[in-house]
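Colleague: May I ask for a close look at one part of this model, followed by an account of how that part relates to the rest of the chain?

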Amino acid sequence: MTTRVALVGGTGKLGRIIAGVIDETEGFETVAVLGSSSDLTELDGADLVVDASTPAVSIDVVRAAIDRGINVLVGTSGWSAERISLVRPLVEAAGTGVVFIPNFSLGSVIGSALAAASARFFPSIEIVETHRETKVDSPSGTAVRTAELIAAARADAGPVEAPHVDQRARGQQIASIPVHSLRRPGVIARQETILSGPGESLTIVHDTIEPAAAYAPGIRVALGAARSASGVIVGLDSMIDIGIRMPSAPGRTAPIADEVSGQAARAAGA
């Protein structure tokens, strides 16, 4: 059976990449492409809504899909654990599924997992994320997710050491971790997580070089998961076994199924 997809934000950078993956993926068909100002009644008749819109529009898209009993795959940035908690009761009441993906890149997911796995060993942790100047939101959804995972990993150790956080130049605190956002031309996406302790420092860096190639494997995994999802699921790390023990962060569940891990491996090797 073919899954009919309504793609919101399909003319944007991420939306065009997702549209290409849907076209190439067996069992999925795009039946509607909506812009950020489109009437959300155009979602009617879809089996799955994929949201690649803007942070300001995304909440309305998700609510409209839930109201219609349609599962949603959200690739739009700006969904913190606090914001996700606002729609969780709606999802549970409707009996639908919403999958939030802060970053479709498998490398980014592994980088965040490594940061979380290392977090309890270092008292000082900060994140510097860089995106092109056209990205409208900051901090990025990936940085927020990484900070939340770090905080979950440090549940017993407590908040990180972050002196002078009352000064604006020290960044925005997300789950006690200072996050610094750069917006400049000449870059696509880069995140550095800097973990420091007495006499040493560990920096975990992820660079997105070619978005379409980087995101496609994760998009394929997320599409398959979102089609049959129940409840709220956050992050690709909830769908695949990356071989790194992950903390119980907000919105995280156990991997959906072994077949999804196999699909991720096949997609990454494609």
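Modeller: An axis here is a line fitted to C-alpha atoms, for a helix over the stretch in contact, and an angle is taken between N-to-C directions on a scale from 0 to 180 degrees. The model is predicted: local features need pLDDT of at least 70 and side-chain atom pairs pLDDT 80 or more, while totals for chains, interfaces and linings use all residues. Residues are numbered from 1 along each chain as its sequence is written, and side-chain values use heavy atoms, without hydrogens or water.

Two packed helices are described by the angle between their axes and the distance between the axes. For α1 (residues 13-24) and α6, the angle is about 60° and the axes are 9 Å apart. Helices (H or I, at least four residues) and strands (E, at least two) are DSSP runs numbered from the N terminus. The two helices are therefore oblique to each other; the scale counts angles under 35 degrees as roughly parallel, over 145 as roughly antiparallel, 65 to 115 as roughly perpendicular and the rest as oblique.

On the α1 side, Leu14, Ile17, Ile18, Val21 and Ile22 take part in the contact (heavy atoms within 4.5 Å). From α6 come Pro211, Ala212, Tyr215, Ala216, Ile219, Arg220 and Leu223. By class, this contact holds eleven nonpolar residues, no polar residue and one charged residue (Ala, Val, Leu, Ile, Met, Phe, Trp, Tyr, Cys and Pro count as nonpolar, Asp, Glu, Lys and Arg as charged, and the others, Gly among them, as polar).

The axes of α2 (residues 55-67) and α3 (residues 81-94) come within 10 Å and cross at roughly 15°, so α2 and α3 are roughly parallel to each other. Their crossing is left-handed. Pro55, Ile59, Val62, Arg63 and Ile66 of α2 meet Arg83, Val87, Leu90, Val91 and Ala94 of α3. Eight nonpolar and two charged residues make up this contact, with no polar residue.

The chain has another open sheet, of five strands in the order β7-β8-β6-β9-β10, with mixed pairing. Its edge strands, β7 and β10 (200-208), each pair on one side only, and the twist averages 25° from one strand to the next. Strand β6 (residues 124-131) runs parallel to β8 (residues 177-183), joined by five bridges, whereas β7 (residues 172-174) runs antiparallel to β8, joined by three. Valine 179 in β8 stands opposite isoleucine 127 and is also the bridge partner of glutamine 172. Two residues lie between the strands in the hairpin of β7 and β8, where alanine 175 takes a positive phi near 55°. Nine bridges pair β9 (residues 189-197) with β10 in the antiparallel sense, and leucine 195 is bridged to leucine 202 in β10. Helix α4 (residues 106-118) lies across β9 and β10, at about 165° to β10.

Two local features in loops remain. Most residues other than glycine have a negative phi, and most peptide bonds are trans. The bond from serine 138 to proline 139 is cis, with omega near -5°, and proline 139 sits in the loop between β6 and α5 (141-153). Histidine 164 has a positive phi near 60° and belongs to the loop between α5 and β7.

Overall, the chain comprises seven helices and eleven strands, and its C-alpha atoms fill a box of roughly 60 × 40 × 40 Å along the principal axes.

Terms used
A crossing is left-handed if the near helix is turned anticlockwise from the far one by less than a right angle, and right-handed if clockwise. Two strands pair if DSSP finds at least two bridges between them.
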